[in-house]
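Thanks for making time, everyone. I'd like to walk you through one structure, going from the overall picture down to a single residue.

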Amino acid sequence: MLFVGLTGGLGSGKSEALAAFERLGVPTLSSDAVVHELLGTPEVRDLLHERWGARVVAGEEIDRAAVASIVFERPEELSWLERTIFPRVGERTAAWRAGLERREAPPDVAVVEVPLLFEAGIDGAFDATIAVVTDEDLRAERAAARGHEGVAGRAGRQLTQNEKADRADYVIRNDGSLADLEGTVATMLDELRQRASR
């Protein structure tokens with residue numbers, strides 16, 4: 001099984017690319033979704049409450065906007081959150097991969113979306129890496145339309161699109177429609193399957 005890491009900057013369309021892989025029958029995992037799931041667990045909720053107090057808890061849930069406003073303006077708090085969350089994300093990802101490999105007929109390709117793939121230094125855990133890149137103006141437009149908290153703080157921590165593209169094994173350009181992206185992903189999947197069969 002070819003284990004693939006998918007990354008891209010904020011607003012590049014990496015989640016749409018991941019969804020396109022899934023529609024094409026590829027098992028996929030979003031590390032952001034795993035983080036969201038972990039933030040919903042009593043264990044992580046209690047750790048965050050202990051660190052930042054009642055302002056980050058709304059009822060029984062973590063107030064993600066409150067967490068974002070803290071961590072994307074204060075690098076030391078972001079480092080603490082990453083030290084708390086990343087190992088748990090790694091465990092979940094490894095368990096997911098092991099489950100796929102134990103199948104009677106394991107898939108030939110599996111894709112994990114990791115926004116900070118290169119920044120976190122975990123690209124070596126994958127057999128291949130893909131960077132999704134798009135026109136800078138379009139990217140800014142998409143990010144703003146999604147109303148992200150702390151956009152500047154997030155973007156400032158990431159490698160530039162060019163740096164991600166230079167480090168990735170494959171690059172997907174996402175400047176067109178969703179149908180264009182789907183076609184590009186289908187072509188990329190053919191390449192990945194050929195690589196997996198070697």
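Let me start with how the chain comes together: of the contacts in the protein chain with a separation of 6 or more, 77% are between residues 24 or more positions apart. Keep in mind that this is a predicted model.

So what have we got in terms of secondary structure? The protein chain has nine helices and seven strands. On overall dimensions, the C-alpha trace spans about 50 × 45 × 25 Å along its principal axes. For 198 residues, you'd expect a compact globule to have a radius of gyration near 16 Å, and the protein chain comes in at 17 Å, so the two agree.

We have 24 positive side chains and 35 negative ones in the protein chain, and the centres of the two sets are 3 Å apart.

Okay, let's zoom in. Where does Thr-28 sit? You'll find Thr-28 in strand 2, which covers residues 28-30. Is Thr-28 buried or exposed? Its relative accessible area is 17%, and the cut-off for buried is under 20%, so Thr-28 counts as buried.

And who does it touch? Setting aside neighbours within four places in sequence, Thr-28 is in contact with Leu-18, Phe-21 and Glu-22, and also with Trp-96 and Val-111.

That's my tour, thanks.

Note on methods:
Residues numbered from 1 in each chain as written. Predicted model: local features only at pLDDT ≥ 70, side-chain atom pairs only at ≥ 80, totals over all residues. Heavy atoms only, no water. Helix = DSSP H or I, 4+ residues; strand = E, 2+ residues; numbered from the N terminus. Rg over C-alpha atoms; globule rule 2.2 N^0.38 Å. Contact = heavy atoms within 4.5 Å. Lys, Arg positive; Asp, Glu negative; His and termini not counted. Charge placed at Lys NZ, Arg CZ, Asp CG, Glu CD. Buried < 20%, exposed > 50% of the residue type's maximum accessible area, 1.4 Å probe, protein only.
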